[in-house]
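Me: Could you take a close look at one part of this model, and tell me how the charged and annotated residues are placed there and in the parts that follow? I would like the cut-offs spelled out as you go.

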Amino acid sequence: MPTGTKTSKKYTYVWISAIVLIFGAFAVYEITKRIKSGDVVKNDRMAGAATMDKLSFITSNGRKRKVPSFEFLNQDSVLVSNEDYLGKVYVVDFFFTTCPTICPIMTSNLKELENMFLEEEDFGIASFTINPRYDTPSVLTSYAEKFGVRDTDWNFLTGDKEAIYKLSREGFYILAAENKEAPGGFEHSGMFALVDKNGFIRSRLDKFGNPIIYYRGTVTEKQGVNKEGEVQQITMLKEDIQKLLSE
C-alpha cells in the first residue's frame, strides 16, 4: 500500500479520537455540573415522587369502584348517607361494639387518625356495625364516648342488617358475616377502606405495582408487628389520607 494512503488514514484516526475525547470531556463536564447543582438527583426524585404520590383507583370489571348509595342512623339517631361524605376523604370499617378481639384495636387505630386529622374539615370516618340488632344509636353513643371520639364527622352507623352486609360484600368487598363459631358471634376482616372526595375507593400500590386495596386495621403503630407477623399499616394510611386531602 502507498505510504501516502497510510499517512492519511493515520491522521483520520487521530482526528476521530480527538473529537471523541472532546465530546466525552464535555459530556462529563455537563453531568458533573448537574450533579453538583442537584439537578440530576432532583429530577430523579421528582419522577419517583410523582409515581409514589399518586394513589391508585380500585377497579372492578374495568370500572373504578365507587362507594354505592347508603343511608343509616348514626349514634345521634341522625340519618347519614354517602352524600354526606362527598367532598371529604374518609376511612370505612365494619365492626361491632361487643367484639372481644380485633375491634378495640381497630377503633384505637381510627382514634389515632381522628387525632391527626381533627382540624381537617375534609376528613371523616364511617364505622358500620355488623350487629345492628344490639348496636342501637344509644349503644353506639356509649361506645364513641368510651373511646373519646370528638370528630362530628366520625359516624357510627346502624340500620338494616342485610343492607349493611350487602354494603360490605358488594360495595367494599370486605368480609362481614354472622358466625356462631367466631368470637362474639361475628366474623370480619379488620381492614380499612380509604375513600376519596368523589366517593372512589383508593389505595397505594405495592412493590409489584398492584393496588393494596385495603389497609390493615388490626395492628397499631406502637406494636409494629403482631404475633401473627402482620405489619402495621396505619403509618401508611396516614400518609395516603394526606395525599388525598391534597388532591
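Reply: Asp-122 lies in the loop that runs between helix 3 (103–117) and strand 7 (123–129), where helices (H or I, at least four residues) and strands (E, at least two) are DSSP runs numbered from the N terminus. The model is a predicted one, in which local features need pLDDT of at least 70 and side-chain atom pairs count only at pLDDT 80 or more, while totals for chains, interfaces and linings use all residues. Residues are numbered from 1 along each chain as its sequence is written, and side-chain values use heavy atoms, with hydrogens and water left out.

With a relative accessibility of 33%, Asp-122 counts as partly exposed, a class that sits between buried (under 20% relative accessible area) and exposed (over 50%), using a 1.4 Å probe and protein chains only. Together with Glu-119, Glu-120 and Glu-121, Asp-122 forms a patch of negative charge on the surface; such patches are made of residues with over 30% relative accessible area and no salt bridge, like charges being joined within 9 Å.

Thr-98 belongs to the loop between strand 6 and helix 3, but at 40% Thr-98 counts as partly exposed. An unreviewed UniProt entry places the feature "binding site" at Cys-99, Cys-103 and His-188. These residues span 90 residues in sequence, yet no two of their C-alpha atoms are more than 10.2 Å apart, so they gather at one spot.

The structure holds 10 salt bridges, and another of them joins Asp-240 to Arg-204 at 2.9 Å, N to O. Asp-240 lies in helix 6 and Arg-204 in the loop between strand 12 and strand 13 (215–216), so this pair ties together parts that are 36 residues apart in sequence. Asp-240 and Arg-204 are both buried, and salt bridges with shared partners join Arg-204, Glu-239, Asp-240 and Lys-243 into one network.

Conventions: Patches are made of residues with over 30% relative accessible area and no salt bridge: like charges are joined within 9 Å, nonpolar side chains (Val, Leu, Ile, Met, Phe, Trp, Tyr) within 5 Å. Accessible areas come from the Shrake-Rupley method with a 1.4 Å probe; for residues, only the protein chains shown count as cover. A salt bridge is a side-chain nitrogen of Lys or Arg within 4 Å of a carboxyl oxygen of Asp or Glu. Lys and Arg count as positive and Asp and Glu as negative; His and the chain ends are not counted. The place of a charge is taken as NZ of Lys, CZ of Arg, CG of Asp or CD of Glu. UniProt positions are given in the numbering used here, feature names are shortened, and annotations may be inferred rather than shown by experiment.
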